[in-house]
Number of protein chains: 2
Amino acid sequence: MSQLDSNWSFVDDNKVTPKGFLFAGISAGLKASKKKDLALIFAPEGSVFTGMFTQSIVRASCVDICEERIKTTSGFVRAILINSGQANACTGNLGIQHFQIATGKIAELLGIKEEEVLMCSTGVIGVPIQINDLVKNLPNLVSDLKGNNIQNAAEAILTTDLTLKKVSIETIIQGRKIKISGFAKGSGMIYPNMATMLAFLTCDAGIKKEEWDKMIAIAVKKSFNAISVDGETSTNDSFIGINAGEKIEKRFFPIIQQGIDIVCQNLAKNIARDGEGANCLLEVLVQGAKNIDDAIKLAKSICNSALVKTAIHGCDPNWGRIISAAGNSGVKFNLNHVDLYIGNAQILENGKLNKYDPQKVTDYIKSRMNGRYLVDDIVKIMINLKSGEYKGTAWGCDLSKKYVEINSEYTT
Amino acid sequence: MSQLDSNWSFVDDNKVTPKGFLFAGISAGLKASKKKDLALIFAPEGSVFTGMFTQSIVRASCVDICEERIKTTSGFVRAILINSGQANACTGNLGIQHFQIATGKIAELLGIKEEEVLMCSTGVIGVPIQINDLVKNLPNLVSDLKGNNIQNAAEAILTTDLTLKKVSIETIIQGRKIKISGFAKGSGMIYPNMATMLAFLTCDAGIKKEEWDKMIAIAVKKSFNAISVDGETSTNDSFIGINAGEKIEKRFFPIIQQGIDIVCQNLAKNIARDGEGANCLLEVLVQGAKNIDDAIKLAKSICNSALVKTAIHGCDPNWGRIISAAGNSGVKFNLNHVDLYIGNAQILENGKLNKYDPQKVTDYIKSRMNGRYLVDDIVKIMINLKSGEYKGTAWGCDLSKKYVEINSEYTT
């Protein structure tokens with residue numbers, strides 16, 4: 001149990017998870033690999049749900065229905081069914097029917113209403129969900145529900161992810177233990193189409209819908225909306241945050257916000273680090289911006305640049321590409337004020353080239369590309385625009401031949 | 001001499017170029033390879049210049065000065081000096097001095113004013129131009145000036161381009177021969193930084209500045225601003241269009257516009273086809289859009305998508321990625337109205353999957369990836385949104401391991 005600045009501590013989700021929440025994960029045979037592919041989150045009565053969904057025009061209908069059900073129940077949902085294998089996107093009316101069949105059946109098994117059940121899907125686009133296999137296995141799924149079972153649920157939502165993405169933290173407020181847990185899947189590809197980013201967060205400090213919505217929006221902006229593997233937004237991207245339990249006083253909200261931020265950023269960074277073909281996590285911190293939106297926008301522009309990503313892959317301290325990507329972000333700044341660092345090496349001071357040892361910077365980047373697959377494999381870039389008081393961070397990864405290989409594989 | 005729809009014919013620029021324009025191209029030793037690296041365009045008196053420049057915040061100061069000189073002379077410039085080897089970007093006051101020294105010297109040699117000379121640079125960012133070598137060779141450059149010498153000029157502006165990019169066309173209006181010539185360089189990389197896109201067009205039909213500006217803006221929007229190799233905008237991107245000679249009647253402007261469009265699109269497509277590591281030209285036509293801007297924006301979003309580009313590379317008719325990229329373009333449309341074609345195969349009809357043979361579509365893409373390096377190696381995608389009357393086209397290329405290799409090469 002390691003200590004965090006904010007008194008939040010990491011905890012083992014096999015022992016500690018938010019009070020009252022139950023999790024399940026099994027194999028229903030939806031994946032050719034027969035790995036786990038069906039997960040369930042069952043939240044206590046009175047739980048408050050907030051969902052944030054893909055901004056793409058082309059959305060899976062399951063995303064539309066989730067959004068609608070959260071709205072019609074005023075956020076008082078109870079369960080989320082999640083399947084991997086098929087994304088249930090571009091599947092027309094059949095996709096809507098499958099959603100209704102599956103959530104209706106889960107509602108029956110859990111003794112709740114159908115509109116209190118959400119369903120998220122990830123996997124192949126344009127292929128109908130294997131609804132018979134799914135429905136047949138729902139009783140097994142419900143039997144698997146346990147508090148200390150995030151491991152199974154987190155496994156069941158993965159597609160081509162190489163690593164499990166989950167985190168649990170705990171703090172004590174006025175003698176009361178507060179727990180937040182999250183799990184996610186990243187952007188991997190399955191033939192023939194794009195998979196999705198899904199993430200779920202549970203918290204056992206009760207917070208009213210209106211306030212919770214705001215807190216989740218802040219956390220998502222600084223985490224899931226600040227990462228990029230390849231600049232692609234999927235049809236199914238979804239994040240759902242749930243709180244339940246005794247209401248907590250408003251003066252403690254900043255502590256909860258801190259906890260939500262920690263969990264969301266941990267999961268988001270894991271997704272970026274596990275980007276297809278990635279060898280490191282790229283972290284770009286922009287300081288001295290006129291506002292947070294500008295800072296994140298500029299940081300994302302650098303993380304998204306194919307030329308920055310290939311330079312990092314080649315351990316090349318190519319500051320020209322970084323500055324050029326900054327120049328294309330749409331954020332206004334004066335190059336003559338800009339300081340630029342890669343790791344601890346200052347490359348630019350007030351827009352002018354500083355004396356630095358390129359070999360040392362190359363060695364720094366190389367030391368972060370160690371293939372041990374740790375979230376600490378971080379290449380850090382810092383830019384100070386000196387045009388304001390705000391800062392923001394974005395995360396990405398290097399661009400390797402492996403990325404091209406994974407995404408151009410096709411056998412008819 | 002092949003015939004075009006519009007009565008414009010391709011001509012050999014070793015024989016025919018716009019009347020009164022002189023071109024030169026020599027080696028001044030600015031490139032390590034000692035290949036040609038210095039070009040000059042000398043336009044007749046009374047020529048009308050229009051420039052369009054990079055939209056990046058981080059611009060080379062030579063771009064700023066070019067823009068300023070076109071403004072202060074009301075477009076009555078006479079010459080453009082172009083060097084490859086060093087981009088003269090991020091070089092501060094020294095860069096400005098070098099610009100002034102070089103253009104001052106050329107003005108002296110040509111007997112014109114310094115402010116009548118522009119200078120464009122391409123090559124390494126952040127490294128001072130090799131000004132002594134450059135100045136020393138200016139008399140040689142001026143000696144090389146000839147009408148039928150676009151070949152030399154076009155060679156001298158290349159960096160890592162694999163192909164020469166030049167085109168000349170001719171038509172007859174009321175018994176008068178009108179010629180338009182253009183040449184360009186594409187987006188290649190030089191250690192340690194981004195090179196640039198440069199393109200130049202000359203025309204011997206006289207058209208007043210105000211009208212010429214409009215015609216050039218229309219042509220650039222539909223050509224150089226509709227291509228993408230990797231979504232990166234450079235510090236030095238410049239396009240300069242020049243006309244000279246006897247004024248032409250306004251009723252013939254549509255013919256001239258057509259000619260400018262042909263030349264600009266030919267060069268732009270050549271740049272995309274010669275994208276780093278590219279094996280084909282990707283052409284995306286969007287029809288049925290609410291306006292031209294929407295059509296081009298959506299087409300560019302597809303051309304820019306790393307997932308579409310890798311799918312094309314893998315000869316994979318991955319319509320889900322195409323539709324997903326369309327959904328992320330920021331253009332609103334209704335998926336239920338969308339028709340999608342890859343080559344002649346209709347994949348979607350009103351948003352629903354059509355019966356098609358994936359193997360045939362794969363074979364179609366494969367047949368375009370033949371490595372013979374022809375502009376006819378085109379993979380065509382067509383989307384009809386059926387939400388308006390407008391259409392637009394964008395061009396890109398496939399994304400290969402070679403792209404990653406070229407851009408992650410770094411030896412300290």
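What covers the buried residues of helix α2 in chain A? The cover includes β3 (38–42), α1 (61–72), β5 (79–86), β6 (117–124), α3 (131–136) and α4 (138–143) of chain A. Keep in mind that this is a predicted model.

Now the helix. α2 of chain A runs over residues 92–110, which is 19 residues. From first C-alpha to last, α2 reaches 28 Å. That is close to the 27 Å expected at 1.5 Å a residue.

Which residues of α2 are buried? They are A:Gly95, A:His98, A:Phe99, A:Ala102, A:Thr103, A:Gly104, A:Ile106, A:Ala107 and A:Leu110. Just after the helix comes A:Gly111, with a positive phi of about 70 degrees.

The annotation comes from UniProt, in an unreviewed entry. UniProt places the feature at A:Thr159, A:Lys185, A:Thr196, A:Glu276, A:Asn407 and A:Thr412. Take A:Glu276. Where is A:Glu276 found? In the loop between α7 (253–273) and β13 (281–289) of chain A. Is A:Glu276 buried or exposed? A:Glu276 counts as buried, because its relative accessibility is 7%, and buried means under 20%.

Last, the two chains. Chain A superposes on chain B by a rotation of 180 degrees, with 0.0 Å of shift along the axis. The RMSD is 0.0 Å. That is the relation of a two-fold axis. Which residue of chain A comes closest to the rotation axis? A:Lys401, with its C-alpha at 2.4 Å.

And the interface? 100% of the interface residues of chain A are also interface residues in chain B, so the copies meet through the same surface.

Key: Residues are numbered from 1 along each chain as its sequence is written. Chains are lettered from A and ligands numbered from 1 in the order in which they are written. This is a predicted model: local features need pLDDT of at least 70, side-chain atom pairs count only at pLDDT 80 or more; totals for chains, interfaces and linings use all residues. Side-chain values use heavy atoms; hydrogens and water are left out. UniProt positions are given in the numbering used here, feature names are shortened, and annotations may be inferred rather than shown by experiment. Helices (H or I, at least four residues) and strands (E, at least two) are DSSP runs, numbered from the N terminus. Buried means under 20% relative accessible area, exposed over 50%, partly exposed in between (1.4 Å probe, protein chains only). The expected span of a helix is 1.5 Å times one less than its number of residues. Contact means heavy atoms within 4.5 Å. Copies are superposed by least squares on the C-alpha atoms of residues with pLDDT of at least 70 in both.
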